Amino acid sequence: MSQPLNVLIIEDSASDAALMLRHLAKAGFDVTHERVESAEALGEALGRRTWVVLLCDFTLPGFDARGALSILKATGHDIPFIVVSGSIGDETAIELMRTGAQDYLMKDNLARLAPAIERELAEVSHRRARRSAEERLRLSACVFESAEEGITLTDAKLNIVAVNPAFQEITGYDESEVIGKNPRILKSGRHDPTFYRDMWASLLACGHWSGEIWNQHKNGEAYPAWLTISAVRSEQGETTHYVGLFSDRSSILAARERVDFLS
């Protein structure tokens, strides 16, 4: 099956562009292309369509590959830029690579063209996946820091490795006071061993537990909390961490007791 390839060719020689296209078709690419010869046409083409790869001659009427690369970089698009030239010195090629070109090759050696494109398509896919993962991490960190619920992250041995600001506000403990410790430091003493045994039996069986629990503030005051604990598992199914989310339900309990009193 042919691999679709949407390629923009920056080349003033129609015959040279046709030769590139023949090499790509022979390599199994189903090519959709456009050929431009000027900086203005390049800018318009970049704004008109999403391109997978740019193939650029080094010297064109009125501008060169350096100018073409600058135009591409100004758009902010992450598109592989490959220089295909009839004559280019090593120093110039290195300069282009340093400023953002992914590869360069000579027109008399187009056998390298398809492998170079395949390599760069794989690289850009990896870059985009990495940026996506980094963005997810950034958003997760934002949620962690700004959540109104207290969040506790422990390792598989139940040692606390991270807490968020809401945890510190609700419990009265600073992060430095709880890192490396077991969440049992929050135990209020109001639950018997059966409560915790049933909690962990559910967590180990289902990877999840939620319910109301009495915890203890650093100052010794007990307070009701709604707690949700979830196991974090690796791709192999092994539990690597536990995440606990809880909220202080003191105001809700007080309102409930007030209603009961009035009733």
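How are helix 3 and helix 4 oriented to each other, roughly parallel or roughly antiparallel? In this predicted model, helix 3 (residues 65–75) and helix 4 (residues 90–98) pack at an angle of about 5°, with their axes 11 Å apart. Because angles under 35 degrees count as roughly parallel, helix 3 and helix 4 are therefore roughly parallel to each other. On the side of helix 3 the contact is made by A65, R66 and L69, and on the side of helix 4 by T92, E95 and L96; by class, the residues of this contact divide into 3 nonpolar, 1 polar and 2 charged.

Helix 3 also lies across strand 1, strand 3 and strand 6, running at about 165° to strand 6. These strands belong to an open sheet of 5 strands with parallel pairing, in the order 2-1-3-6-7. Strand 2 (29–36) and strand 7 (103–106) are the edge strands of this sheet, each pairing on one side only, and neighbouring strands are turned by 25° against each other on average, direction ignored. Within the sheet, strand 3 (residues 53–56) and strand 6 (residues 81–85) run parallel and are joined by 3 bridges, with V83 in strand 6 as the bridge partner of C56. Helix 1 (residues 14–26) lies across strand 1 (3–10), strand 2, strand 3 and strand 6, and runs at about 165° to strand 2.

A further open sheet of 5 strands has antiparallel pairing and the order 9-8-12-11-10. Strand 9 (160–163) and strand 10 (208–216) stand at its edges, each with a single partner strand, so that one side of each is left without a neighbour in the sheet. The twist in this sheet averages 25° from one strand to the next. Helix 8 (residues 193–206) packs on the sheet and touches strand 10, strand 11 and strand 12, its direction making about 150° with that of strand 10.

The pairing of strand 12 (residues 239–248) with strand 8 (residues 150–155) is antiparallel and comprises 6 bridges, in which L245 of strand 12 is the bridge partner of I151. Strand 12 also runs antiparallel to strand 11 (residues 222–233), to which it is joined by 9 bridges; here Y242 of strand 12 is the bridge partner of A231. Strand 11 and strand 12 form a hairpin with 5 residues between them, and G237 in the turn has a positive phi of about 90°. Strand 8 and strand 9, which run antiparallel, are joined by 3 bridges, and T154 stands opposite I160 in strand 9. The loop between strand 8 and strand 9 contains L158, a residue that has a positive phi of about 70° although it is not a glycine.

The largest pocket has a volume of about 430 Å³. Of the 20 residues that line this pocket, P183, R184, W200, L227 and I229 are the closest to its centre. Strand 8, helix 8, strand 10, strand 11 and strand 12 each supply at least two residues of the lining, and strand 12 gives the most, with 4 residues. By class, the lining of the largest pocket has 13 nonpolar, 5 polar and 2 charged residues.

Notes
Residues numbered from 1 in each chain as written. Predicted model: local features only at pLDDT ≥ 70, side-chain atom pairs only at ≥ 80, totals over all residues. Heavy atoms only, no water. Pairing = 2+ DSSP bridges. Axes fitted to C-alpha atoms, helices over the stretch in contact; angles between N-to-C directions. Contact = heavy atoms within 4.5 Å. 1 Å grid on protein atoms, 1.4 Å probe; cavity = no way out; pocket = protein on both sides within 12 Å on 5 of 7 lines; lining within 4 Å. Points joined across faces, edges and corners; volume = space filled by probe spheres on them. Nonpolar A, V, L, I, M, F, W, Y, C, P; charged D, E, K, R; others polar. Parallel < 35°, antiparallel > 145°, perpendicular 65-115°, else oblique.
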